[in-house]
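Hi,

Here is the structure I promised to pass on. Have a look at it first, and then read on for what turned up.

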Amino acid sequence: MVNKRAERLFAIIIVLYLLIIVFPFIWVGITSFKPESEIWGTEALNVFSSNSTMEHYLALFKANILNSLKNSLIISSITTLYVTFVASCCAYAIARLKFIGKNLLLAVVLATSMFPQMIVVGPIYNIFVKLGWTNSYFITLPYSMITLPVAIFILVTHFAKVPKEMEESASIDGASKMRTFIKIILPLALPGIFTAAIITFIGVWNEFLLSLTLNSDSNYHTATVAISFLRGQFQIFWGQVTAATMVVTIPTLIIVILFQKQIISGLTSGAVKE
Amino acid sequence: MSKILKFFDRHLAYVMIIPAIILILLFSILPILESTRYAFFDFQLNDQKKSGIYMTSNYNMPLSDETFEYIDYYLEIEAATVQKADTIQYINRMRDDIKGYQLNLKSILGSQTGVVETSRENIQVIQAINKDIKFAIDLLYSMDDVFYSEEDMQAVASELETCIIESNFIGLDNFKQILSDPRVIYTLSITLIFTFISVFCELLLGLALALIMNKAMKGRGLIRTFSLIPWAIPTSVAALMWSYLYNGSSGIVATAFSNIGLIGQPTELLLTAKAALGSIIMADVWKTTPYMALLILAGLQVIPNALYESSSLDGANKIMQFRHITLPLLKPSILVALLFRTLDAFRVFDLIWVLTGGGPGGTTESISVYAYKVMFAQTRFGYGSAMVLIMAIAVGMISYAYIKILDVKLIGE
């Protein structure tokens with residue numbers, strides 16, 4: 001049977017695909033438990049080490065990685081909270097309310113999401129230096145530049161899906177527009193808001209350019225920047241690098257596994273016309 | 001109270017969009033305009049005379065006061081050590097003269113302090129004064145006598161020129177320089193090669209994988225979760241991970257490539273230009289193909305099954321179905337995915353910054369990496385901004401082309 005054979009071929013391709021995705025993690029994970037002496041030289045490619053060790057993970061506690069994870073968590077959480085709030089309001093107005101300049105606003109939001117971030121880094125850096133805001137959590141403010149447009153787009157599609165009858169019956173009952181939004185629309189759009197929040201969180205967690213530029217003091221490094229500095233100029237301690245990679249990756253993995261559905265709906269909400 | 005609430009309610013739409021507009025204005029639009037302004041100036045943070053945006057000429061008053069004080073101080077020292085009465089007389093006259101010049105200067109510029117903005121004519125007058133002072137100093141040291149502080153005096157006197165900050169507006173010079181900067185041409189071509197090859201591979205592989213995933217019956221949830229992982233991990237972490245796999249002395253991928261003869265020695269992978277660029281592209285394909293596949297899969301899933309059923313009743317085979325049903329209906333999803341991927345690839349920064357740092361020898365620098373180095377390593381913000389501006393225009397053209405081809409509104413009303 002041709003179909004059976006095709007199915008088997010597809011299954012093999014899928015398995016191969018999954019293997020290619022996870023292979024780097026597995027190999028990096030294996031290395032992170034090897035003593036430094038076995039990471040180099042002839043033993044470098046052995047899968048199992050007879051002298052497994054936790055030394056690299058223990059060394060990370062002394063290094064700044066944990067502090068940088070804390071920074072990342074604080075910065076990502078603050079940004080997610082206020083961006084989701086601002087985007088929800090804006091998206092509801094776009095999806096449901098009438099106002100002058102709606103198309104212009106949409107065009108501006110779309111355009112800012114397409115501009116290379118590199119264009120804002122110089123001026124924002126100079127302003128931050130003038131205000132003394134470098135190396136602080138003020139970095140959450142310019143993060144709106146990367147996250148706000150995406151959050152707005154996700155939320156517009158979700159608010160548009162809430163049935164119009166809900167609002168109409170509320171307004172017949174004499175509820176104000178604001179009350180309708182808070183009491184009726186928000187609860188119904190909660191899954192969408194949650195999706196936008198997760199996508200925002202991941203976006204900020206993964207950001208590199210602004211963080212590298214504005215928070216150059218190692219006490220204010222976020223995880224993505226701190227980890228890039230582990231690769232020194234002359235000497236690289238792969239043991240620590242691989243251990244740090246595992247530590248930084250785990251929060252992401254947890255988020256992906258828990259919120260798989262929301263993430264996919266967020267990623268595809270702009271791309272697929274329903 | 002209720003009046004305020006009523007006002008809010010009547011204008012709810014505006015109240016709701018204002019926070020977003022303020023953020024977009026402050027952190028997107030204003031910085032973009034500011035960057036555009038930088039591009040027309042020779043703005044360099046590490047050069048005292050160019051470390052700001054000066055549309056007009058300026059004079060550095062504190063530095064000037066300090067310089068005059070020092071000149072007087074050294075003249076006093078010389079007066080105490082010279083031998084001839086003539087020289088002492090000359091120096092004393094000179095000290096009075098210079099004090100007169102300083103007063104003259106202050107009367108021209110008014111009573112302002114700090115860095116004073118002034119006209120081009122005034123600057124010319126000041127330059128003439130500076131010349132006179134320089135001439136007087138040179139004359140003093142040409143006299144036949146014993147001096148001890150000539151070097152110090154000349155160094156201090158040269159500061160008088162530094163006090164003058166001329167406008168660093170240079171019009172289109174930055175752009176002219178970019179067009180003839182070989183490194184811009186090179187990094188731009190690297191960026192285009194990277195963008196073209198990686199997006200092409202990601203599209204082909206993503207399309208194939210999406211078609212297969214769509215057929216897969218078992219484990220769809222698992223496949224999706226796995227596909228999200230490379231997209232979700234930070235690019236800098238992925239880059240670091242791959243730099244370990246690629247490294248010449250213990251990297252498993254480098255060793256494998258050398259064993260199957262793709263490269264000579266494992267160390268060549270990151271130390272030769274072409275192989276390093278290939279490695280970057282491979283890491284990008286690994287990170288983004290699953291994302292592409294997910295986007296295309298979502299597009300596949302909204303194609304109604306009835307279309308396939310009725311066409312197969314009409315005798316259409318799988319290939320015909322793919323060409324006449326799947327591809328046309330998938331076109332919008334593919335184009336949107338392509339647009340976002342192309343823009344992302346074109347501004348690639350983190351991946352290259354962490355994986356190769358632009359090396360070996362600058363051969364894998366993308367235009368973003370070069371612009372960043374110009375701005376933050378050389379602190380030439382004017383030139384860097386001009387480069388980024390050209391990049392933004394290119395991005396605009398790419399988007400415009402895609403949206404024209406797409407011919408659909410990205411967001412339905």
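Let me begin with B:Asp144, which is exposed, at 63% relative accessibility (exposed means over 50% relative accessible area, buried under 20%, partly exposed in between, with a 1.4 Å probe and protein chains only). B:Asp144 forms a salt bridge with B:Lys84, their closest N and O atoms being 3.4 Å apart (that is, a side-chain nitrogen of Lys or Arg within 4 Å of a carboxyl oxygen of Asp or Glu). This pair links distant parts of the chain, 60 residues apart: B:Asp144 sits in the loop between helix H5 (120–142) and helix H6 (150–162) of chain B, and B:Lys84 in the loop between H3 and H4. Helices here are DSSP runs of H or I with at least four residues, and strands are E runs of at least two, numbered from the N terminus. B:Lys84 is partly exposed, at 40%.

A word on the source: this is a predicted model, where local features need pLDDT of at least 70 and side-chain atom pairs pLDDT 80 or more, while totals for chains, interfaces and linings use all residues. Residues are numbered from 1 along each chain as its sequence is written, chains are lettered from A and ligands numbered from 1 in the order in which they are written, and side-chain values use heavy atoms, without hydrogens and water.

Over all chains there are 14 salt bridges. One of them joins B:Lys99 and B:Asp72 (4.0 Å, N to O). B:Lys99 lies in helix H4 (residues 85–109) and B:Asp72 in helix H3 (residues 61–81) of chain B, so this bridge ties together parts 27 residues apart in sequence. B:Asp72 is buried, with a relative accessible area of 19%, whereas B:Lys99 is partly exposed at 44%. B:Arg95 and B:Glu76 also meet in a salt bridge (3.9 Å, N to O), and they too connect H4 with H3 of chain B, 19 residues apart. Elsewhere, B:Glu202, B:Asp284, B:Arg341, B:Asp344 and B:Arg347 are linked in a network of salt bridges.

A:Asn135 has a positive phi near 50 degrees without being a glycine, and is found in the loop between helix H6 (118–131) and helix H7 (144–161) of chain A. B:Thr379 has a positive phi of about 50 degrees, again not a glycine, in the loop between helix H17 (367–377) and helix H18 (381–406) of chain B. A:Asn135 is partly exposed at 23%, while B:Thr379 is buried at 17%.

Best wishes
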